[in-house]
Amino acid sequence: MINILSYPNSKSVNTFTVSQLDWLPWIAPLEPEDLTPQHYRGLVDQARSKSTYFRLLARDPDVLGARTRLDKDIFYSAGGLPRAERELAAAAVSRYNGCIYCASVHARFSIQFSKDDTDIKNLLDHGKDSEFEERNKDIVQAAVTLTESENKFDENNIIELKTSGFSDEEILDLIQASAFFNWANRLMLSLGEAAYF
């Protein structure tokens with residue numbers, strides 16, 4: 001039986017932030033002591049067993065394993081779009097979709113890898129129409145266009161990115177990072193909510 005959870009004393013988050021947040025699931029995750037070798041294979045990294053989100057997804061370890069390997073392939077592979085820019089794309093998609101938790105995580109990663117917080121803070125505070133450095137503007141625009149429900153991203157967007165100096169490999173990384181988080185946000189938003197510790 002799966003328990004539906006509530007958190008009467010939690011403090012929900014309703015603004016975007018770079019602060020570290022908690023994530024409160026609405027469905028009970030597996031307890032650490034209930035994780036089997038199959039669950040750990042799905043988690044891929046044993047350290048993920050500390051996360052309530054990943055322990056919830058571990059209820060279907062095979063799907064979680066595929067999801068985690070895809071995540072690692074997109075965000076940790078060598079070459080192509082620099083990691084800071086992949087994280088910026090994830091933060092832009094998360095900001096557009098309203099996923100406060102994911103936006104905070106990937107905003108911090110983008111800052112960590114870029115050593116600059118100006119564009120990320122503008123994105124979190126004002127959304128996709130903020131002022132950005134030119135290359136970051138192209139990344140945010142492409143990521144949000146891919147996310148919009150009308151599916152407006154087409155060959156013209158590819159041409160614009162190439163004209164701005166993006167390589168084919170960088171464009172592929174940008175598309176993959178954006179598409180992955182467009183899906184991941186919807187999953188997370190349907191299973192719980194961001195809250196302060």
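Residues are numbered from 1 along each chain as its sequence is written, and side-chain values use heavy atoms, with hydrogens and water left out.

Confidence comes first. pLDDT is the predictor's confidence in each residue, from 0 to 100. The protein chain has an average pLDDT of 93, and 94% of the residues score at least 70. Where pLDDT is low, the predicted coordinates should not be read in detail.

Now the pocket. On a 1 Å grid over the protein atoms alone, a pocket is an open set of points where a 1.4 Å probe fits, with protein on both sides within 12 Å along at least five of seven lines; lining residues have an atom within 4 Å of a point. Grid points are joined across faces, edges and corners, and the volume is the space filled by probe spheres set on the points. The largest pocket holds about 700 Å³ of space. It is lined by 29 residues, and those closest to its centre are S51, F54, Y101, V105 and F109. Which element gives the most to this lining? That is α5, with 6 residues. Elements that supply at least two lining residues include β2 (22-25), α3 (61-76) and α9 (168-191). By class, the lining has 15 nonpolar, 4 polar and 10 charged residues. In this scheme Ala, Val, Leu, Ile, Met, Phe, Trp, Tyr, Cys and Pro are nonpolar, Asp, Glu, Lys and Arg are charged, and the others, Gly among them, are polar.

L43 sits in helix α1 and is buried, with a relative accessible area of 0%. Buried means under 20%, exposed over 50%, and partly exposed in between, with a 1.4 Å probe and protein chains only. Leaving aside neighbours within four places in sequence, L43 is in contact (heavy atoms within 4.5 Å) with L35, R48, S49, F54, L64 and T68. T68, in helix α3, is buried at 0% relative accessibility. Not counting residues up to four places away in sequence, T68 touches G42, L43, V44 and R48.

Two backbone angles deserve a mention. Most residues other than glycine have a negative phi. V44, however, has a positive phi of about 70°; V44 lies in the loop between α1 and α2 and is partly exposed at 33%. K115 has a positive phi of about 60°. K115 is in the loop between α5 and α6, and is exposed at 71%.

Last, the cysteines. How many disulfides does a search of the whole structure find? The search finds 0, a disulfide being a pair of cysteine sulfur atoms within 2.5 Å. For C99, the nearest cysteine sulfur is that of C102, 3.4 Å away. C99 is buried at 1% relative accessibility, and C102 is buried at 7%.

Methods. Predicted model: local features only at pLDDT ≥ 70, side-chain atom pairs only at ≥ 80, totals over all residues. Helix = DSSP H or I, 4+ residues; strand = E, 2+ residues; numbered from the N terminus.
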